[in-house]
Amino acid sequence: MNSPISLQKTPSCRTEAIPSVDWWVTSRCNLTCDFCYGPKPSHDPTELRDAIALAIRESSARAVTFCGGEPLLVKKLFEYAEMQQDAGKMTVLNTNGELLLRRCATMRALPFDVVGISIDGPDEPTHRLMRGATADFRQTVRAAEWLRAEHLPVKRKIATVISAANRARIDDLGRLVARLQPDIWRLYQYSPWGPQNTGQTRHQITREVFDEVVRHATESAHPVEVRASSTDTTGGCLLVDPFGRIMQTDGLDYVEAGNCLHEPIEDIWHRLPEQSAVRTNKLWLRTL
């Protein structure tokens with residue numbers, strides 16, 4: 001990751017709440033996707049998590065997304081989510097889905113307003129092209145089916161990264177999504193940044209091709225609502241990493257904008273130059 005970036009304060013934005021904070025609650029993951037733009041797996045400073053959770057709770061963020069890594073690997077995840085809900089924030093879980101039934105099947109309620117499961121192909125071979133040879137497509141689909149069948153009081157999201165590796169199967173994937181009936185299907189154009197994002201030559205896709213794939217996906221998944229984010233907006237997240245650092249992408253890597261353990265998230269947010277990109281990328285939350 002690059003050195004901290006120099007930022008100018010923008011007082012005119014100080015009255016506007018942060019639309020969302022994305023917390024890389026862990027860098028660890030049970031998969032090794034070569035398109036991942038999350039943190040590089042390492043020894044997480046777990047002793048910092050309580051303080052990071054408190055800093056996020058005290059911010060004006062309307063929503064908190066738990067991501068990573070695989071957030072369901074964190075033992076205290078549900079406690080952290082309840083803390084944010086108690087503060088009136090929307091909570092979003094982004095998971096690859098493989099651990100969802102193991103951790104949640106006996107729960108009558110989840111401390112999340114939205115649960116997002118990543119499905120990147122309509123079958124095991126395509127899903128594994130994206131998520132590696134050990135990815136469990138059947139278990140992931142079972143988790144999505146369980147969320148629907150249990151009628152839990154959560155909104156359901158399916159997330160798909162569109163790349164050159166899976167674009168040809170988008171119509172079949174759209175029909176699977178239509179059967180699973182999520183509240184929203186989020187499509188992301190493959191983005192080339194991140195310390196473990198090694199699949200650029202395999203996944204790179206142009207904006208024009210992505211837009212065409214989105215059109216086909218929207219038709220095949222009807223009537224499921226589809227919201228797409230191109231590379232121009234995918235980086236629009238206020239990221240908090242396992243060390244409490246606020247990270248922003250420069251299009252190639254991540255740069256540090258501050259640390260929520262040293263100053264309020266609010267102060268860091270109000271001097272970021274990319275606030276509009278974060279707002280645009282998080283507009284989908286308003287549809288739920």
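Analyst: Start with the contacts of one residue. Apart from neighbours within four places in sequence, Val 213 is in contact with Ile 162, Arg 167 and Ile 170. Keep in mind throughout that this is a predicted model.

User: Where is Val 213 placed, and is Val 213 buried or exposed?

Analyst: Val 213 belongs to helix H8. Its relative accessible area is 5%, and the cut-off for buried is under 20%, so Val 213 is buried. Distance along the chain is another matter: His 203 is ten residues from Val 213, and their C-alpha atoms are separated by 14 Å.

User: What does helix H8 pack on?

Analyst: The strands form an open sheet of ten, in the order S7-S6-S5-S4-S3-S2-S1-S8-S9-S10, and the pairing is mixed. Strands S7 (226–229) and S10 (254–259) stand at the edges; each has a single partner strand, so one side of each has no neighbour in the sheet. Inside that order, strand S5 (residues 155–162) pairs with strand S6 (residues 184–189) in the parallel sense, over six bridges. Ala 159 is opposite Arg 186 in S6. Helix H8 (residues 207–221) packs on this sheet and touches S5, S6 and S7, with its direction at about 165° to that of S6.

User: Which strands does helix H1 touch?

Analyst: Helix H1 (residues 49–57) also packs on the sheet, where it touches strand S1 (21–24), strand S2 (63–67) and strand S8 (239–240). The direction of H1 makes about 175° with that of S1.

User: How should I read the buried residues along a helix?

Analyst: The general idea is that an α-helix has 3.6 residues a turn, so residues three or four places apart point the same way. Now look at helix H6 (residues 170–180). Its buried residues are Ile 170, Leu 173, Gly 174, Leu 176, Val 177, Ala 178 and Leu 180. They pack against helix H5 (137–150), S5, S6 and H8. Just after H6 comes Gln 181, with a positive phi of about 55°.

User: Cys 33 was among the contacts of Arg 131. How many disulfides are there?

Analyst: A disulfide needs two cysteine sulfur atoms within 2.5 Å. By this rule the count is zero. The cysteine sulfur nearest to Cys 33 is that of Cys 29, 6.1 Å away, and Cys 33 is in no disulfide. Cys 237 is in no disulfide either; the nearest cysteine sulfur there is that of Cys 67, 7.5 Å away. As for burial, Cys 33 is buried at 10% relative accessibility, and Cys 237 is buried with a relative accessible area of 12%.

User: How many cavities of 30 Å³ or more are there, and which residues line the largest cavity?

Analyst: The search of the whole structure finds one cavity of 30 Å³ or more. The largest cavity holds about 60 Å³ of space. Its lining is made of Val 115, Ile 117, Ala 144, Leu 147, Arg 156, Lys 157, Ile 158, Leu 180 and Pro 182. The largest share of that lining, three residues, comes from S5.

User: What is the volume of the largest pocket?

Analyst: The largest pocket has a volume of about 800 Å³. It is lined by 43 residues, and those nearest its centre are Tyr 37, Cys 67, Gly 68, Asn 94 and Ser 118. S5 supplies the largest share of the pocket lining, four residues.

Methods
Residues numbered from 1 in each chain as written. Predicted model: local features only at pLDDT ≥ 70, side-chain atom pairs only at ≥ 80, totals over all residues. Heavy atoms only, no water. Buried < 20%, exposed > 50% of the residue type's maximum accessible area, 1.4 Å probe, protein only. Pairing = 2+ DSSP bridges. Helix = DSSP H or I, 4+ residues; strand = E, 2+ residues; numbered from the N terminus. Contact = heavy atoms within 4.5 Å. Axes fitted to C-alpha atoms, helices over the stretch in contact; angles between N-to-C directions. 1 Å grid on protein atoms, 1.4 Å probe; cavity = no way out; pocket = protein on both sides within 12 Å on 5 of 7 lines; lining within 4 Å. Points joined across faces, edges and corners; volume = space filled by probe spheres on them.
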